[in-house]
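Please look at the sequence and the structure shown below.

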Amino acid sequence: MLDALKKEVCEANLELVRRGVVIYTWGNVSGIDRDAGMVVIKPSGVDYDGMKPEDMVVVDLDSGETAEGRWKPSSDTKTHLELYRAFPQIGGITHTHSINAVAFAQAGMDIPALGTTHADYFYGVIPCTRELTKAEVEEAYELNTGRVIVECIKERGIDPMAVPGIVVRNHGPFSWGKDAAASVYHAVVMDAVAEMDLKTLILNPQATIQPYVLDKHYMRKHGPKAYYGQGKERNV
């Protein structure tokens with residue numbers, strides 16, 4: 001089972017490069033085997049070029065200790081683990097420093113829902129977390145990054161599978177889904193809608209979308225009576 005997950009996570013990491021949302025070593029993807037209680041994640045600081053499934057690192061969900069692998073796990077591992085612990089629906093997580101989503105993170109702004117492209121994948125605003133305190137950064141930065149994400153989702157009453165992404169203030173985007181591939185898909189879409197928003201808000205700072213349009217576009221793909229597509233494609 002973990003060999004299959006390593007292949008899936010490796011492929012998901014490489015997809016970030018193919019889609020142009022990471023450069024150098026700026027990003028990481030993980031996936032989880034909940035039955036085994038193990039998370040597979042990209043190694044820290046290792047270039048994507050030539051990356052193979054055997055380079056992935058296996059980490060124990062409960063202890064956070066490395067269970068298998070010749071490399072150190074991603075420096076963001078504790079953030080991933082905190083999200084997996086808080087939300088059992090999540091099967092994969094992606095973190096990037098994609099330019100457009102980072103722009104909203106650095107501005108300390110939510111990514112607003114302004115059009116139907118956004119509504120097809122995110123059921124409402126993509127939130128921006130609060131700023132971490134100095135103590136949170138100094139004591140346990142990556143762990144507290146995860147805690148701030150969880151705090152934001154719970155305080156706003158967001159269903160994490162309906163809004164499968166967030167931007168961390170001054171840092172960047174995290175996204176998730178039912179598996180590693182879905183989390184990458186959402187990372188790519190998040191940066192695309194962030195770019196659309198940036199350009200829209202330049203043209204019209206008061207731009208909005210009617211709630212009934214948002215509802216229609218999200219529900220036709222994800223609702224109980226969804227009718228978009230042929231019924232066989234990946235439901236991300």
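Asp-55 and Arg-70 are joined by a salt bridge, with their closest N and O atoms 2.9 Å apart, where a salt bridge is defined as a side-chain nitrogen of Lys or Arg within 4 Å of a carboxyl oxygen of Asp or Glu. Asp-55 lies in the loop between β2 (38-41) and β3 (57-60), and Arg-70 in the loop between β4 and α2, so the pair ties together parts that are 15 residues apart in sequence. Helices (H or I, at least four residues) and strands (E, at least two) are DSSP runs, numbered from the N terminus.

Asp-55 is buried, with a relative accessible area of 7%, whereas Arg-70 is exposed, with a relative accessible area of 63%. Here buried means under 20% relative accessible area, exposed means over 50%, and partly exposed is in between, with a 1.4 Å probe and protein chains only.

## How the model is read

This is a predicted model, in which local features need pLDDT of at least 70 and side-chain atom pairs count only at pLDDT 80 or more, while totals for chains, interfaces and linings use all residues. Residues are numbered from 1 along each chain as its sequence is written, and side-chain values use heavy atoms, with hydrogens and water left out.

## Other salt bridges

The count of salt bridges comes to 11. One of them links Lys-6 with Glu-68, whose closest N and O atoms are 2.3 Å apart. Lys-6 lies in helix α1 and Glu-68 in strand β4 (residues 66-68), so this pair ties together parts that are 62 residues apart in sequence. Lys-6 counts as buried, at 9% relative accessibility, and Glu-68 is partly exposed, with a relative accessible area of 36%.

Arg-19 forms a salt bridge with Glu-15, and the closest N and O atoms of this pair are 2.7 Å apart. Arg-19 counts as exposed at 55% relative accessibility, while Glu-15 counts as partly exposed at 21%. Salt bridges that share partners join Glu-11, Glu-15, Arg-18 and Arg-19 into one network.

## Two helix pairs

Helix α2 (residues 77-86) packs with helix α5 (residues 134-155) at an angle of about 35°, their axes being 7 Å apart; axes are lines fitted to C-alpha atoms, for helices over the stretch in contact, and angles run from 0 to 180 degrees between N-to-C directions. The residues that make the contact (heavy atoms within 4.5 Å) include Lys-78, Glu-82 and Leu-83 of α2 and Leu-143, Arg-147 and Ile-149 of α5.

Helix α3 (residues 99-107) and helix α6 (residues 180-203) pack at an angle of about 65°, with their axes 7 Å apart. Among the residues that meet here are Ile-99, Ala-103 and Phe-104 in α3 and Met-190, Ala-194 and Leu-198 in α6.

## The loop between α1 and β1

Gly-20 is found in the loop between α1 and β1, and at 57% relative accessibility Gly-20 counts as exposed. The C-alpha atoms of Gly-20 and Val-188 are separated by 8.5 Å, although these residues are 168 residues apart along the chain.

Tyr-24 is found in the loop between α1 (2-18) and β1 (27-33), and Tyr-24 is exposed, with a relative accessible area of 62%.
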